[in-house]
Amino acid sequence: MTNCDKKRPCPLQKQTAFFIVILLGALCLCGCKDKKNETITSIEQLNDPAYTIGVPEGGAGMYMAEKYLPEAEYKTFSGNASGYLAISQGKLDGFVYDRVMMEFAIASGLEDVKILDENLGESMDVAVGISPKSQIENLKDKVNQFLAQAKAEGTLDEMYDRWVSRAEGSMPEIAMPQTPDCKLRVGTTGMVQPFSYYEGTTLTGYDVELIYRFGAWLNAEVEIKVYDYDGIIAAAQAGDIDCIMANLNATEERRKHIEFSDCVYPSVTAVMVRASQDGGAQSGEKYETLSDFEGARFAALSGGVYDKLLQEVIEDADDFSYYNSVPDIVAALKAGRVDAGALDEPLAQLAVAKNEGLKIFEEPVVLDQYGYAFPKGSPLREQFNGVLAKFKEDGTIEALKEKWLGADESIKILTKQDWPGENGTIRYYHDSAHEPMTYLGSGGEPLGLEIDLMLLAARELDWKVEMTDCEFVSLIASLESGKADVVSGSMSITEERAKKVDFADTHYDSAMVLLVRDAGGAVQKKGFLAGLEDSFKSTFVVEGRWRLILQGLGITILISVCSGIFGLSLGFGICMLRRMNCRPVQYLGGIFVRVVQGMPVVVLLMILYYGIFGSVDISEILVAVIGFSINFAAYSSEMMRTGIETVDKGQYEAALAMGYTRRQTFFKVVFPQAAGNFIPVLKGEFISMVKMTSVAGYIAVQDLTKVSDIIRSRTMEAFFPLIVTAVIYFAVANVMTTFLSFAEREVLPKRNKRSVKGVSM
């Protein structure tokens, strides 16, 4: 008996297994590589498998590194700028490139790097590459004649001094021929300063000037074409250009493919390394007073006032990077991307307690005061102030500080709402990333000093408190739109904010401080497996945080499924409107699709939540479903319309000739055929929509990405919670893909491959 109906492995199992293998392999490579912890002072040190060398793709640096550093591990980069960035961030141990180019980069402001004194190998000529299929006869000889004349006249030396040595190059006026004898097509890169680069939209540089000078000398019309380094040799081989002037080294490998002119100028290859091997930046010990931070790189929380306060105290404090959470600032500080993080004192204290190698700069930037914010003219503010005054006198505020700022987690429990609330309900919005003032516990429950204080005040005033977690940057908007009656989240009382809201009396005297690296602090590095185990425990086990992840996952799935159903229905309706024989209706449907497709979904969500539904008491999850449904409808309607248009018009005519009505023709003949065309594409768009739900946190929805940020705000760990989130999204996407594929086979039987069973004899 023959049986061809063999059991196939589940696509989900295969894809998931493949992803896990790749992920574990990458993690093992990251953790198991025994990188030497020593300062790099010579090129010889880098000739070791423990070090990673960056090389420009297709450049001479790749050739030199392979020849003189064969034992090192290599990473290729499409441009020198990305290599410089990788070095400064500590992602590479060395970057091999032209010495002059790297010196120019450092002189232009590249920080935390240095160039080793010794050169890598012998010097190498920079020359003009000549195409073997050039349309200009004897082009190589003509280029050599021009170069010899330019050298004799001192033109090349003057150009080099102006463009490279002094970095003061500007394109001179070069008279081009009015009646050219030929056309010269020259290839260059357009991304290597100071040789060939763009100033705005104008191509300029040493090589560009050389191109025009040679064109004038040759009495030729010049056409410049811009290529990447990895494609410029191929362009010359194919005859698309006549020659190459792009700071091109005449390597042995390149000489096998094209010819080269005489030397334009000699080039030496060098190695760039980090200025220090301890994180690429100086520690906090180099700063003795706040004035020493002039010109430093600062990190600040988005939506805060840290930048303005710093600029009032520290001159030249204008280099800011903005982050959405304290863990992101901590990660940037550890990686050396910033020199100091501007934080409120309680947040900085917690960051230091959870991260070795960090400390708080002794001198505070400015004294600060926290306050609850109310809408302008709110009568609730005065009632709240009366309770605050009482709490300050009877010691309630001090007791809250001891409770929430201490190390005993067992006592950090909110006051229960066991009072009747006869005076109404107050809508309280709070941030969730400012532990110990406002944050979320392991089960997603709100915790923190300010939240507890709000509950105690509500008990005194007999209010019920309806609490909502919200991004800090959206707290003021929640008040202005009428969503909230009061907000807090370590919110500093400032004049600018006071123009928009009314602050209650201060309840916490704080200070804005600078979080810096501590070179004197001994950091004990754990092994990869031990670190992975600690990360797993802190993300999942501690405080039962896995429950928080499940809650976020449930909300993500709920939003995705509901948005898919409603969006598909709305999309079908829009598709039908655009098929009506009514031009205004068609235009209206087209405008809807274009507007939604041209708008970022996060902007659409915020318009809905803070604008259209600003004065309506509506669930954030419902707003998210509406927003993603609208977005999905715009794309699905276009897919349906395209699928319907692919059905041959003869199908309509044949069905009508058989006596079908137009409605029957569409639903029984046309649409089933169209579905076979658009459903596979629609499936992919649905998965994209699932991943787009990750921005729902901007309107206070506690989805999977949001809870990941919450966990990171607690663990102060940037990497592992993000990896967990990525893995969960991957798994969810694959499960939904499998389900949709099954549904597709049920809807479209022709796509369900059937196997033929043999016949028993």
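Analyst: Arg162 is buried, with a relative accessible area of 11%; here buried stands for under 20% relative accessible area, exposed for over 50%, and partly exposed for the range in between, using a 1.4 Å probe and protein chains only. The model is a predicted one, in which local features need pLDDT of at least 70 and side-chain atom pairs count only at pLDDT 80 or more, while totals for chains, interfaces and linings use all residues. Residues are numbered from 1 along each chain as its sequence is written, and side-chain values rest on heavy atoms, with hydrogens and water left out.

Arg162 forms a salt bridge with Glu158, and the closest N and O atoms are 2.8 Å apart. The term denotes a side-chain nitrogen of Lys or Arg within 4 Å of a carboxyl oxygen of Asp or Glu. Both Arg162 and Glu158 belong to helix α7 (residues 155–165), where they are four residues apart, about one turn of the helix. Helices (H or I, at least four residues) and strands (E, at least two) are DSSP runs, numbered from the N terminus. In contrast to the buried Arg162, Glu158 is partly exposed at 37% relative accessible area.

Two further pairs involve strand β6. Glu223 and Lys183 meet through their side chains in a salt bridge of 2.8 Å, N to O. Glu223 lies in strand β9 (residues 220–226) and Lys183 in strand β6 (residues 182–188), so this pair ties together parts that are 40 residues apart in sequence. Glu223 is partly exposed, with a relative accessible area of 25%, and Lys183 is likewise partly exposed, at 38%.

Asp242 forms a salt bridge with Arg185, with the closest N and O atoms 3.0 Å apart. This pair links distant parts of the chain: Asp242 is in the loop between α9 (229–238) and β10 (243–244), Arg185 is in strand β6, and 57 residues separate them. Asp242 is buried, with a relative accessible area of 0%, and Arg185 counts as buried at 10%.

Beyond such pairs, Arg578, Arg594, Glu638, Arg641 and Glu645 are linked in a network of salt bridges. The count for the model comes to 18 salt bridges. In general, side chains of opposite charge can pair when their charged atoms come close.

The cysteines may be set beside these pairs. The count of disulfides, defined as pairs of cysteine sulfur atoms within 2.5 Å, comes to zero. Cys243 is buried, with a relative accessible area of 0%, and Cys575 counts as buried at 0% as well.

Leaving aside neighbours within four places in sequence, the contacts of Asp431 (heavy atoms within 4.5 Å) include Thr438, Tyr439, Asp469, Cys470 and Leu475. His430, in strand β19 (residues 425–430), is buried with a relative accessible area of 1%. With neighbours within four places again set aside, the contacts of His430 include Thr438, Asp469, Cys470 and Leu475.
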